[in-house]
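These are my notebook entries on one structure. I set down what I looked up, one topic at a time.

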Amino acid sequence: MIHARDVHKRFAAVEVLRGVSLDVGKGEVVAIIGPSGSGKSTFLRCLNHLETINRGRIDIAGETLVSAGKDAVCRYAPEADIRRICRRMGMVFQHFNLFPHLTVLQNIIEAPITVKGLRRAEIVPVAEGLLRKVGLLDKQASYPSRLSGGQKQRVAIARALAMDPDIMLFDEPTSALDPELTGEVLRTIRELAEEHMTMLVVTHEMAFAREVASRVVFMDGGEIIEARPARELFSSPEHARTRAFLENML
Amino acid sequence: MSYVIEIMGPLLEGTGVTLQVFLLTFVLAVPLGLGLALIRISGFAVLGGLVNGYIWLMRGTPLMLQMLFIYFALPFVPVIGVRLPDFPAAIVAFVLNYAAYFAEIFRAGIQSIDRGQYEGARVLGLSYAQTMRRIVLPQVLKRILPPMSNETITLVKDTSLIYVLAMNDLLRAARGIVQRDFTTTPFIVAAAFYLLMTLVLTLGFQRLERKYAVYDG
Ligand SMILES: Nc1ncnc2c1ncn2[C@@H]1O[C@H](COP(=O)(O)OP(=O)(O)OP(=O)(O)O)[C@@H](O)[C@H]1O
Ligand SMILES: [Mg+2]
């Protein structure tokens, strides 16, 4: 579903991604871990075109988002194609990014109506189903400011799912939450994993990564140091940097 | 009291002129100001620079001077020179001037919206125009209500500047009667009229603020 090859990203003179390659298959759940500043968020943001890459190639669900020409300059698909390709991915941010002027229900149905042109009557039952799934049906008329962090993040997940994506990207979905609220969000993500949603999750929750991810990717200094099945990576990390990081985390 | 009723006719006529200038300016300058603000934040350097220069010019010179220029000097400017009658000249000057102030209010409001809102909309597939219309501008509206209320109340009082084009607005009408009858009563009545107009605006804006108070942020 995700096919990234030799992705390079520079901010001014700083090379933040230095040749990242990763494949994520259908139904796979991949966790990305690594120290702060290692480029985890940047990589995720490159996948859905929130950042543009300087070199490399990205394909999403069989369609080419960006590829390198023979002169190694990368070429993006036309704008309309980019939007269509990126719409196959939902994204959940650390700070939720809910729309504060809209109620929970309005947050969820906004994009399906505005972008997909669905009628209200079509999407409201879907939205209600998603809210029931994340356990927030009774909050549908509330504004986001009335919700706890964990509830906000579950609304954000429901909002992304309402666009019926094939892939979900999570960028530290629990890092802005009080510890006692992370459980409810992780439970929601775990349920998605059980439904075989393809997911790429940047997280600092090692226990979660070990339990839910089929593969864990350790990034450091803009590179993937190792990417292996969760159990293997946690029990016997190959690289000294991975080992040092994991020891620090526990 | 009977004197107040006697002078009511010309004062009401003056109020009509004042209200016309006010309403036309407001209705035209708000969209123009929004357009200018959108150009300024669009990232087109040349256009943005032009808008900056325009705002500097309009805020950096007196409105009265701008009005006098459009009425007396514009007819002699090559190419764009047109001779406007007094009322249109006043409206053009007011709209051009107030659009600059409104543009700055809109710009500050738009820039106060968190980048996460744009990204949240973007990953849901909304285009830039959809993001602006559905996500950003509704939130901007709430945030700019206080400065808009200020500027709008200032506009009511600024309308009295059109006396320089010899138009009979509320204040000039009052002054005419004062000079004729040697009494200051017309001034007091005019003050009451201005207060009434600004009260209506204040209450209107308060209502809007209450309406938007249903959400925080
Ligand atoms: N818009 C930007 N402009 C300049 N530098 C940036 C920008 N975004 C990120 N960076 C830099 O890129 C590097 C990688 O950042 P990134 O956010 O991808 O790291 P991360 O692995 O997600 O870290 P964290 O765990 O703290 O979220 C950092 O050094 C950061 O300062
Ligand atoms: Mg990050």
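**Entry 1: salt bridges**

I began with the term itself: a salt bridge is a side-chain nitrogen of Lys or Arg within 4 Å of a carboxyl oxygen of Asp or Glu. I note at the outset that the model is predicted. With this rule I looked at B:Arg180 and B:Asp181, which form a salt bridge with their closest N and O atoms 2.7 Å apart. B:Arg180 has a relative accessible area of 53% and is therefore exposed. B:Asp181 stands at 26% and counts as partly exposed. I then looked for salt bridges that share partners, and found that they join A:Glu63, A:Asp81, A:Arg84, A:Arg88 and A:Asp166 into one network.

How many salt bridges does the structure hold over all chains? I recorded 24.

One of them is between the side chains of A:Arg5 and A:Asp23, at 2.6 Å from N to O. This pair links distant parts of the chain, since A:Arg5 belongs to strand β1 (residues 2-11) and A:Asp23 to strand β2 (residues 14-24) of chain A, 18 residues apart. I checked the accessibility of both partners. A:Arg5 is partly exposed at 32%, and A:Asp23 is partly exposed at 30%.

I also looked up A:Arg57, which forms a salt bridge with A:Asp59, the closest N and O atoms lying 2.8 Å apart. Are these two partners buried or exposed? A:Arg57 has 32% relative accessibility and counts as partly exposed, whereas A:Asp59 has 9% and counts as buried.

**Entry 2: strand β9 of chain A**

I next examined strand β9 of chain A, residues 198-202. Since 5 of its 5 residues are buried, the strand is largely enclosed by the rest of the structure. I then asked which way its side chains point. A:Thr198, A:Leu200 and A:Val202 point one way from β9(A), while A:Met199 and A:Val201 point the other way. In a regular strand, side chains alternate between the two faces of the sheet.

Which strands pair with β9(A)? Strand β3 (residues 29-33) of chain A pairs with β9(A) in the parallel sense, over 4 bridges. Within β9(A), A:Leu200 is the bridge partner of A:Val30. Strand β8 (residues 167-171) of chain A also pairs with β9(A) in the parallel sense, over 5 bridges. Here I noted A:Met199 of β9(A) as the bridge partner of A:Met168.

**Entry 3: cysteines**

I found A:Cys74 to be buried at 15% relative accessibility, and A:Cys86 to be buried at 11%.

**Entry 4: the nonpolar core**

I turned to the largest nonpolar core, which has 58 residues. The residues with the most contacts inside this core are B:Leu11, B:Met67, B:Phe94, B:Phe102, B:Phe106 and B:Met148. Among the elements that give two or more residues to the core, I listed α1 (2-41), α4 (86-111), α6 (128-158) and α8 (185-212) of chain B. Which element gives the most? The answer is α4(B), with 14 residues.

**Entry 5: what the record says of chain B**

Lastly, I consulted UniProt. An unreviewed entry places the feature "domain: ABC transmembrane type-1" at residues 15-205 of chain B. In the model this span is 80% helix and 0% strand, and its end C-alpha atoms lie 21 Å apart.

The unreviewed entry also gives the annotation "transmembrane region" for residues 20-51, 63-81, 87-106 and 182-205 of chain B. I checked two of these stretches. Residues 63-81 of chain B are 58% helix and 0% strand, with end C-alpha atoms 19 Å apart. Residues 182-205 of chain B are 88% helix and 0% strand, with end C-alpha atoms 38 Å apart.

Definitions and conventions
Residues numbered from 1 in each chain as written. Chains lettered and ligands numbered in written order. Predicted model: local features only at pLDDT ≥ 70, side-chain atom pairs only at ≥ 80, totals over all residues. Heavy atoms only, no water. Buried < 20%, exposed > 50% of the residue type's maximum accessible area, 1.4 Å probe, protein only. Pairing = 2+ DSSP bridges. UniProt positions renumbered as here; feature names shortened; annotations may be inferred. Core = buried A, V, L, I, M, F, W, Y, C linked by side-chain atoms within 4.5 Å.
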